[in-house]
Amino acid sequence: MRHIIRAALVLALVLAGPALAQTVDVTALSASCATCHGPGLEGSGAMPSLKGRRAADIATAIKQFQSGERPATIMMRLSKGWSAAEIDALAAKLGEGK
Ligand code: HEC
């Protein structure tokens, strides 16, 4: 009986693994955006405002920078280091003025 319970636990962990890997902590990464995009992400000088942008639009813009589909001076370099999960988490965190 005990080995069946242990097998079930191992199976549960294996199944939960990919779901857990999706949860990425972007606290430090999102704090870095204000360096350029300004306090409150309201934009500053040549840096566009991210305030009030929808999460889906932020994610799309970053993915387009990453692929080179959308021309950029800076964002294509920065975004190359971000995983798809990080981009989605950043968009969810920063979208709609959060
Ligand atoms: C070193 C400066 C810098 C940093 C840091 C930076 N950005 Fe940007 N961002 C820019 C610039 C400049 C643009 C305009 C496109 C370009 O030329 O790269 C831009 C454009 C964008 C856009 C498109 C906005 C629009 O007008 O559609 C998004 C979305 C974006 N950045 C998200 C982020 C996020 C999220 C972070 C933090 C994880 C971040 N940026 C950090 C400089 C920066």
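Predicted model: local features only at pLDDT ≥ 70, side-chain atom pairs only at ≥ 80, totals over all residues.
Residues are numbered from 1 along each chain as its sequence is written.

Let us begin with the overall plan. The chain has five helices and zero strands, and along the sequence its pattern reads α-α-α-α-α. Helices here are DSSP runs of H or I with at least four residues, strands are runs of E with at least two, and both are numbered from the N terminus. Of the 98 residues, 14% count as buried; buried means that 20 or more other C-beta atoms lie within 10 Å of the residue's own, exposed means 12 or fewer, and partly exposed is in between, with C-beta atoms placed from the backbone. Two residues are in contact if their C-beta atoms, placed from the backbone, lie within 7 Å. Among contacts in the chain with a separation of 6 or more, 55% join residues 24 or more positions apart.

Two packed helices are described by the angle between their axes and the distance between the axes. The axes are lines fitted to C-alpha atoms over the stretch in contact, and the angles run from 0 to 180 degrees between N-to-C directions.

Helix 3 and helix 5 pack at about 145 degrees, their axes 8 Å apart. On the side of helix 3, the contact is made by Ala55, Ile58, Ala59, Ile62 and Lys63, and on the side of helix 5 by Ile87, Asp88, Ala91, Ala92 and Leu94. By class, this contact has eight nonpolar, no polar and two charged residues. Here Ala, Val, Leu, Ile, Met, Phe, Trp, Tyr, Cys and Pro count as nonpolar, Asp, Glu, Lys and Arg as charged, and the others, Gly among them, as polar.

Helix 2 and helix 5 pack at about 65 degrees, with axes 10 Å apart. Leu29, Ser30 and Cys33 of helix 2 meet Glu86, Leu90, Lys93 and Leu94 of helix 5.

Now for the core. A nonpolar core is a set of buried Ala, Val, Leu, Ile, Met, Phe, Trp, Tyr and Cys residues joined through C-beta atoms within 7 Å. The largest one has 12 residues, including Val26, Leu41, Leu50, Ile58 and Phe65. Helix 3 and helix 5 are the elements that give two or more residues to this core, and the largest share, five residues, comes from helix 5.

Finally, turn to the ligand. It is surrounded by 20 residues, the closest being Cys33, Cys36, Ala72, Thr73 and Met75; a residue is near a molecule if its C-beta atom, placed from the backbone, lies within 6 Å of it. Helix 2 gives the largest share of this shell, seven residues. The shell has 15 nonpolar, five polar and no charged residues.

For contrast, Lys80 sits in the loop between helix 4 and helix 5. Lys80 counts as exposed because it has 11 C-beta neighbours inside 10 Å.
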